[in-house]
Structure formats: structure tokens, C-alpha cells
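Please look over the model shown below, with its sequence, before reading on. The report then moves from the strands and sheets to individual side chains.

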Amino acid sequence: MSRIIVSIMSILLLLLMGCSEKELSYTEINIKDAKEKVREFIKETEDLNGTHLYYKNDQVVYVFLNGINVTQGDEAIYFEDFNLNVDEENDALELSYTQNKTEDYSNKELNHQLLYKVVLDKKYDTLVAFQNGERVPFGTVTSAD
């Protein structure tokens, strides 16, 4: 009987240890479906093209890519190929994406604004953005706290 209890407790302990490991991931979120505070952040930053961060907490960060503002005569900006990379040596999380330009303002399939929810696997010393392989600064960094 005691062997059964020890076996069950061992299995539960292993399951709990497995569940506690976080995995780095990201999901594209429709801006209309974002939570109210995230939508407020987007509204505050939508006049500024660029890469914007919203820290919900130590585990979740939202990345807002904005290229919706176009000066008449300039090309429109759109985004593709968002990805994450971990630089273990520098304890940095790298956000990368491709920014393109077009004169086709009416193409509804182009993403002029994108929102990503990033679930962190740990706390990083640095978050860095790379646009077309070049490091770029964040336009805005805001925390929910």
C-alpha cells in the first residue's frame, strides 16, 4: 500500500514539474479582439509608425507593429515574417520582422498593423527588435503596472 502511495506521489510530482516549465511562444491577435487595456495602448500609439511594446506582466508582452500612417506621395508600409529568437549569450529576446513598402494602398491583404501576444518562458535582460535584419529602437514601451 505504501508503495502505491509513493508511486502516485512521484507521478504527481513529475507532472507538476513538467507543467511548471514555460515555453516561449507568440500568437498574432486581431486588434479588435485584444483586451481593453491593450486596445487603449494601441489607440495611444497608432499615430506613430514603428515597433511598440506593452508589458502586461513578467510573463506576457504585446508587440504592436504599426505602419498605417502614410504621407501622401510616400509608399505604404506593411509587415511580414514576425519571429522570435533567443540570444542565450546576452540573455536577450530578439523580435524580428520584415517591413516592406508598396504603392498599392488599397490591397486589403497587406498587414499595415499587426499585434502579437508574446508569452515569455523567463525574464530576459534585454528585448531587441530587428527590422529587415537591422536593429531598430522601440517607438514606445509601456507597462500595465
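Which residue of β6 does Tyr26 stand opposite? Tyr26 stands opposite Val118 in β6.

## Basis of the description

This is a predicted model, in which local features need pLDDT of at least 70 and side-chain atom pairs count only at pLDDT 80 or more, while totals for chains, interfaces and linings use all residues. Residues are numbered from 1 along each chain as its sequence is written, and side-chain values use heavy atoms, with hydrogens and water left out.

## Overall composition

The chain contains 2 helices and 9 strands, where helices (H or I, at least four residues) and strands (E, at least two) are DSSP runs numbered from the N terminus. Read from the N terminus, the order of the elements is α-β-α-β-β-β-β-β-β-β-β.

Of the 145 residues, 30% count as buried; buried means under 20% relative accessible area, exposed over 50%, and partly exposed in between, with a 1.4 Å probe and protein chains only. The chain exposes about 9900 Å², of which carbon and sulfur atoms supply 48%, the areas coming from the Shrake-Rupley method with a 1.4 Å probe and, for residues, with only the protein chains shown counting as cover. Among contacts (heavy atoms within 4.5 Å) with a separation of 6 or more, 63% are between residues 24 or more positions apart.

## The five-stranded sheet

An open sheet of 5 strands has the order β1-β6-β3-β2-β9, and its pairing is mixed; two strands pair if DSSP finds at least two bridges between them. At the edges stand β1 and β9 (140–143), each with a single partner strand, so one side of each is left without a neighbour in the sheet. On average, neighbouring strands of this sheet are turned by 20° against each other, direction ignored; axes here are lines fitted to C-alpha atoms, for helices over the stretch in contact, and angles run from 0 to 180 degrees between N-to-C directions.

Strand β1 (residues 25–29) runs antiparallel to β6 and is joined to β6 by 5 bridges, and Ile29 has Leu115 as its bridge partner in β6. Strand β3 (residues 60–66) also pairs with β6 in the antiparallel sense, over 7 bridges, with Val63 opposite Tyr116 in β6. Helix α2 (residues 36–45) lies across β2 (50–55), β3, β6 and β9, and runs at about 150° to β2.

## The four-stranded sheet

The order β4-β5-β7-β8 describes an open sheet of 4 strands with mixed pairing. Its edges are β4 and β8 (134–136), each of which has a single partner strand, so one side of each is left without a neighbour in the sheet. Here neighbouring strands are turned by 35° against each other on average, direction ignored.

Between β4 and β5 there are 10 bridges in the antiparallel sense; the bridge partners in β5 include Lys101 for Ile77 and Ala92 for Asp87. The hairpin of β4 and β5 has 4 residues between the strands, and within this hairpin Asp91 takes a positive phi near 50°.

Asn85, found in strand β4, is partly exposed, with a relative accessible area of 41%. Leaving aside neighbours within four places in sequence, Asn85 is in contact with Ala92, Leu93 and Glu94, and although Val128 is 43 residues away in sequence, the C-alpha atoms of Asn85 and Val128 are 9.8 Å apart in space.

Asn100 lies in strand β5 and touches Ala76, Ile77, Tyr78 and Glu80, not counting residues up to four places away in sequence. The side chains of Asn100 and Glu80 are joined by a polar contact of 2.7 Å, a polar contact being a pair of N or O atoms within 3.5 Å, where within protein one must be able to donate a hydrogen and the other to accept it, and residues adjacent in sequence count only if both atoms are side-chain atoms.

## The salt bridge

How many salt bridges does the structure hold? The structure holds 1 salt bridge, defined as a side-chain nitrogen of Lys or Arg within 4 Å of a carboxyl oxygen of Asp or Glu. The side chains that meet in this way are those of Asp91 and Lys122, at 2.5 Å from N to O. The pair links distant parts of the chain, 31 residues apart, with Asp91 in the loop between β4 (76–87) and β5 (92–102) and Lys122 in the loop between β6 (113–119) and β7 (126–131). Asp91 is buried, with a relative accessible area of 16%, whereas Lys122 is partly exposed, at 34%.
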